[in-house]
Amino acid sequence: MSANAAQARVHRPQVKLWRVPVRRIERVTPRMARVTVGGDDLADFAGAGTDQNVMLYFYPDGVRLPEPLTLESARALWSKARPMTRTYTVARHDPDACEIDFDFVLHAADGLGSGWAQRARPGDPLIFVGPSPAYRPDPDAGTYLLAGDETALPAIAAILRELPAAARARVLVEVAGADEEQPLPTAADAEITWLHRDGRPAGRPDLLDGAVRGLDLPAGTTEAWVAGERSAVLAVRRHLLDERGLPRHRVRPTTYWRHGQSGN
Ligand SMILES: Cc1cc2nc3c(=O)[nH]c(=O)nc-3n(C[C@H](O)[C@H](O)[C@H](O)COP(=O)(O)OP(=O)(O)OC[C@H]3O[C@@H](n4cnc5c(N)ncnc54)[C@H](O)[C@@H]3O)c2cc1C
């Protein structure tokens, strides 16, 4: 498949601004909070499949937001009040219940995103813009490699839910420890390996890169989706392209966060 054809597999839904109240919060694991937002406004939210994501908008306290709050009216306010933004995956979209789940890694109480999730209460508004184009697995790929850290877990879970029974997947997920593992339901023939940091800091490339290097992957038919901290994503990308010889359009790397740097 050509790079253009791969690009055509990216679905581009209509991007809008949404302001939706929190309905409930659940601790999925000790370091992961699931925040469910819901309301009739989400009736228009067009699902983009697999790992669709949105940009959360955080305004400074005391800012008077225009009514109605739309992408256009928010942009018109930018010279006076520009929101800080963070990108998060739509972990689950339930069109019937008009609900979206976001799964937040609780890495720091002072992180804009993670701190907000730690403090969120039912009724709090969440403003976000999206959804963004999502990854569409190439149906012609023989094996899907899905690799990432816990920030990639909502996306990996969403991709796995979409893979058909005939698909073969090798999944590598780096997490803090065994208590951060989550069920990853899929119809596919998936081999899931959890990589535990066991006290080592997040955001080092060795664990994920080392695990990918140890995999037996058919070079001709593997499609790789990789996300997480920048150095790990780059290390895995380099290995797949330069040492394994995977074609460029079959390697889909995304930096989700940067060590020592705020924002995406
Ligand atoms: C397309 C996309 C989808 C994403 N989906 C999700 C998602 O579903 N769930 C999710 O939790 N994250 C997701 N992320 C990653 C998330 O946006 C970043 O981790 C973001 O930096 C978190 O913002 P923050 O305000 O909490 O921390 P920031 O203010 O951005 O960062 C503060 C400090 O914490 C560090 N830091 C940031 N993230 C982490 C981390 N996970 N572990 C350890 N240290 C960290 C930074 O290096 C910085 O030093 C996604 C990113 C992208 C690009």
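A distance of 25 Å separates the centres of domain 1 and domain 2, taken over C-alpha atoms. The contact between them draws 15 residues from domain 1 and 22 residues from domain 2. The structure is a predicted model, and its chain is divided into domain 1 (8-130) and domain 2 (137-257).

**Contact between the domains**

- Domain 1 and domain 2 bury about 1400 Å² between them, and carbon and sulfur atoms account for 55% of this area.
- One salt bridge is counted between domain 1 and domain 2.
- Arg31 and Glu150 form a salt bridge in which the closest N and O atoms are 3.2 Å apart. The distance lies inside the 4 Å cut-off applied to such pairs.
- Five residue pairs in polar contact, with both residues at pLDDT 80 or more, are counted between domain 1 and domain 2.
- On the side of domain 1 that touches domain 2, the elements giving two or more residues are strand S1 (16-29), strand S2 (32-38) and strand S6 (99-105).

**Parallel strands S11 and S12**

- Strand S11 (residues 222-229) and strand S12 (residues 251-257) run parallel and are joined by six bridges.
- Within this pairing, Ala224 stands opposite Val251 of S12.
- From S11 the chain passes through helix H6 (residues 230-243) to reach S12, forming a right-handed β-α-β crossover.

**Cis peptide bonds**

- Most peptide bonds are trans, and most residues other than glycine have a negative phi. The following bonds, and the residue treated in the last group, are described against that background.
- The peptide bond from Glu67 to Pro68 is cis, with omega near -5°. Pro68 belongs to the loop between strand S3 (53-58) and helix H2 (71-76).
- Gly130 and Pro131 are likewise joined by a cis peptide bond, for which omega is about 0°. Pro131 is placed in the loop between strand S7 (125-130) and strand S8 (143-149).

- Cys98 is not a glycine, yet its phi is positive, at about 55°.
- The loop that holds Cys98 runs between strand S5 (92-94) and S6. Strand S6 (99-105) is also one of the elements that give two or more residues to the side of domain 1 touching domain 2.

Methods:
Residues are numbered from 1 along each chain as its sequence is written. This is a predicted model: local features need pLDDT of at least 70, side-chain atom pairs count only at pLDDT 80 or more; totals for chains, interfaces and linings use all residues. Side-chain values use heavy atoms; hydrogens and water are left out. Two strands pair if DSSP finds at least two bridges between them. Helices (H or I, at least four residues) and strands (E, at least two) are DSSP runs, numbered from the N terminus. A crossover is right-handed if, with the strands pointing away from the viewer, the path from the first strand over the helix to the second runs clockwise. Domain bounds come from an automatic or database domain assignment. Contact means heavy atoms within 4.5 Å. Buried area is the accessible area (1.4 Å probe) that two parts lose on being put together, summed over both. A salt bridge is a side-chain nitrogen of Lys or Arg within 4 Å of a carboxyl oxygen of Asp or Glu. A polar contact is a pair of N or O atoms within 3.5 Å; within protein, one must be able to donate a hydrogen and the other to accept it, and residues adjacent in sequence count only if both atoms are side-chain atoms.
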